[in-house]
Amino acid sequence: MADPDLRENDEPLLVATSLSKSFGRIAACRDVSFALYPGEVLAIVGESGSGKSTLLQLLSGQLAPSAGHVAYRMRDGVTRDLTTLGEAERRFLFRTDWGFVHQDPAQGLRMAVSAGANVGERLMAVGWNHYGRIRDTASDWLTRVEIDIARIDDAPRTYSGGMRQRLQIARNLVTEPRLVFMDEPTGGLDVSVQARLLDLLRGLVAELHLAVIIVTHDLAVARLLSHRVMVMKGGRVIETGLTDQVLDDPREPYTQLLVSSILPP
Amino acid sequence: MTAMIDIADANKTFTMHLQGGIELPVVRGVTFQVNPGECVVLSGPSGAGKSSILKMIFGNYRCDSGRIGIRHRGALIDLASAEPRQVLNVRRSTIGYVSQFLRAVPRVATIDVVAEPLIVNGMARANAQARAGGLLHRLNIPERLWQLPPATFSGGEQQRVNIARGFISDLPILLLDEPTASLDAANSAVVVELVAEKKRQGVAMVAIVHDDEIRHLIADRIVDVTSFAAAA
C-alpha cells in the first residue's frame with residue numbers, strides 16, 4: 001500500500017523491548033521486541049491463542065508486562081516508559097494521542113447516546129467546549145466515515161454493525177491521534193461491509209499519516225493495510241518482515257501453513 | 001558508467017515445509033548489472049526463474065545469499081539485507097514494478113489508481129490526474145471508464161491501467177513482468193514507445209517479454225536466466 005513520508009532517519013514512536021507476559025504458568029507472550037515509526041502500519045497475525053491480543057494490551061499499557069518494557073515518544077518529544085506513567089497520564093494518552101478500535105464496537109462506543117455525542121465526547125475530553133464547533137467537527141467526521149449526517153442524533157444501538165464500526169473509527173480519530181491500536185477491526189462484519197471498511201481505513205491511515213498496530217487473523221486484511229507483519233505462535237514472534245515479503249515468500253513452517261490456508265479470491 | 005542495478009551472486013531456494021521440507025532451488029549465482037537508459041530482457045524457458053529474479057530485485061522475494069545492489073538517491077543500497085522501511089523507501093522513490101496483473105483496490109477510480117504513485121510522492125492531485133489521463137488516453141482507455149474502479153475491466157484493460165500506473169512515475173528503475181502479454185498490436189506498440197521514452201530519460205529497466213518481436217524492439221541486452229539454473 002501507499003507509504004507517505006516514511007522517512008529513513010526519523011525517531012521511532014514506540015519501542016517494545018523483550019516484552020513477556022505470563023498468566024501463572026502460561027506464557028502468553030514471550031520476548032517480543034520491535035520499533036514502530038510514525039506513519040507505519042504493523043500487523044500482528046496468528047491464530048486465536050497465539051498471544052496477539054495479549055501483546056496488544058501490553059503495548060497499549062492496559063496490561064503490565066512480566067518482563068520487558070514499552071517506550072513511547074510523547075507529543076512533546078520526550079520518550080517515556082509506559083509502566084512509569086500514572087493512571088491519569090495513561091488515560092490522557094488514550095484520549096488524545098492514541099486510539100483503540102475494538103472488534104466489538106459496543107466496547108468502544110457508548111451505545112445509548114447519540115452518534116454526535118460519541119464523537120464529541122472525545123473532543124470535550126481534550127478541552128473543547130464550544131457546542132457549535134464540536135457539532136460541526138462531529139458532522140465532518142461522520143461524513144468522512146460515510147455516515148449520513150441525518151443520523152447524527154441517533155444512538156449507535158440503532159446502527160448496523162458496519163456503521164457502528166465506522167462510528168467507532170470516527171470517535172477514535174477525531175482527536176488526531178498519532179497511534180491507533182486495532183483489535184480485529186473487521187472481525188464481526190460481512191465480507192462486503194469488510195471491504196468497504198478496509199478501504200476507508202486504508203485511505204484514512206495514509207491521509208492522516210497514522211501509525212497503526214493492528215491485530216488480525218485475516219491475512220488479506222494484513223496485506224491491504226500493513227507495511228510490515230509479525231507472525232505470532234505460542235506467544236513468540238516467529239517471523240517478521242515487509243508484508244508482501246512474508247506473505248509471498250513465507251519462510252517458517254507455520255507462516256507457510258497460514259498463507260496456504262487462504263482461500264483464493 | 002555507474003550501474004543502477006548491481007546484482008552479485010544472488011541465490012534463492014524455496015523450502016516447502018508443508019511438503020516435508022522439500023527444497024526447491026530457484027536461481028543460483030545471479031550476477032548482472034543494468035545501467036541507466038538500458039533495458040535488459042531476461043530470457044529463458046518458463047520456470048527458469050525470470051519472475052523470481054524480478055521479485056528479488058523488487059525486494060518481494062528474499063535472497064538466501066548474495067547482493068541486490070540498487071542505486072537509491074545516489075548511494076548503493078543492498079536490498080537483500082535492507083530493513084523493511086528502507087525497502088519501502090526504495091520502492092517509493094527508486095523502483096517501479098509493473099506486475100502481470102493489477103492488484104485492484106476496491107472502490108478506487110481508475111484515474112486515481114494511476115495517479116496514486118505521483119500523489120504519494122507529493123504531486124498535487126489535479127496535476128497527477130492530468131498526467132494519469134494523458135497516459136490512459138495513449139493506452140486507449142476511453143475517458144468514460146476513468147471514474148470507474150478497474151476491477152470490472154477486461155484483462156487487457158486492467159493490464160493497460162497497470163502499465164499506466166507503472167510508467168507514470170519518474171522513477172530511475174522500472175521492472176516489467178510481461179507488460180504486453182494480453183495486449184493487441186496497437187497497444188503493444190504504445191508500450192514499446194513508452195519504454196523508448198524511459199530509456200531516453202535514463203531509466204534502467206529489467207523486463208520479461210515472451211513476444212520475440214517486442215523483445216527485439218525493446219532489449220538492449222539479453223541476460224539468459226538458464227545460466228543461473230539452480231540445479232547443481
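This report describes sheets, helix packing and a chain contact in a predicted model.

## Basis of the description

The model is predicted, and local features need pLDDT of at least 70, side-chain atom pairs count only at pLDDT 80 or more, and totals for chains, interfaces and linings use all residues. Residues are numbered from 1 along each chain as its sequence is written, while chains are lettered from A and ligands numbered from 1 in the order in which they are written.

Helices (H or I, at least four residues) and strands (E, at least two) are DSSP runs, numbered from the N terminus. Two strands pair if DSSP finds at least two bridges between them.

## Annotated span of chain A

UniProt, in an unreviewed entry, lists residues 14–259 of chain A as "domain: ABC transporter". Such positions are given in the numbering used here, feature names are shortened, and annotations may be inferred rather than shown by experiment. In the model, residues 14–259 of chain A are 40% helix and 26% strand, and the end C-alpha atoms of this span lie 28 Å apart.

## Sheets of chain A

One open sheet of chain A has 6 strands in the order β6-β7-β8-β3-β9-β10, with mixed pairing. Its edges are β6 (98–101) and β10 (236–242) of chain A; each has a single partner strand, so one side of each lacks a neighbour in the sheet. Neighbouring strands are turned by 15° against each other on average, direction ignored. At one end of the order, β6(A) runs parallel to β7(A) (residues 179–183), and 4 bridges join the two. Within this pair, A:V101 stands opposite A:M182 of β7(A).

An open sheet of 4 strands in chain A has the order β2-β1-β4-β5 and antiparallel pairing. Here β2 (26–36) and β5 (79–81) of chain A are the edge strands, each pairing on one side only. β4(A) (residues 67–73) and β5(A) run antiparallel and are joined by 3 bridges; A:R73 has A:T79 in β5(A) as its bridge partner.

Axes are lines fitted to C-alpha atoms, for helices over the stretch in contact, and angles run from 0 to 180 degrees between N-to-C directions.

## Strand pairing in chain B

Strand β1 (residues 5–16) of chain B pairs with two strands named here. With β2(B) (residues 22–34) the pairing is antiparallel over 9 bridges, and B:D6 has B:Q33 as its bridge partner in β2(B). With β4(B) (residues 65–72) the pairing is antiparallel over 5 bridges; B:I5 is partnered there by B:I70.

β1(B) and β2(B) form a hairpin with 5 residues between them, and B:G20 in the turn has a positive phi of about 70°.

## Packed helices

In chain A, helix α4 (residues 115–125) packs against helix α5 (residues 131–144) at an angle of about 120°, with the axes 9 Å apart. α4(A) is therefore oblique to α5(A); angles under 35 degrees count as roughly parallel, over 145 as roughly antiparallel, 65 to 115 as roughly perpendicular and the rest as oblique. The crossing of α4(A) and α5(A) is right-handed (right-handed if the near helix is turned clockwise from the far one by less than a right angle, left-handed if anticlockwise). Contact residues include A:V119 and A:L123 of α4(A) and A:I134 and A:W141 of α5(A); residues are in contact if their C-beta atoms, placed from the backbone, lie within 7 Å. By class, the contact of α4(A) with α5(A) has 8 nonpolar, 3 polar and 1 charged residues. Ala, Val, Leu, Ile, Met, Phe, Trp, Tyr, Cys and Pro count as nonpolar, Asp, Glu, Lys and Arg as charged, and the others, Gly among them, as polar.

In chain B, α3(B) and helix α4 (residues 125–138) pack at about 125°, with axes 8 Å apart. These helices are therefore oblique to each other, and α3(B) passes α4(B) in a right-handed crossing. Among the contact residues are B:V114 and B:L118 of α3(B) and B:A128 and B:L135 of α4(B). The contact of α3(B) with α4(B) divides into 9 nonpolar, 2 polar and 2 charged residues.

## Contact between the chains

The contact takes 18 residues from chain B and 20 residues from chain A. On the side of chain B that touches chain A, α2 (84–93) and α3 (110–120) of chain B are the elements that give two or more residues. α2(B) gives the largest share of that side, 7 residues. The side of chain B that touches chain A comprises 8 nonpolar, 5 polar and 5 charged residues.

Conventions: Contact = placed C-beta atoms within 7 Å.
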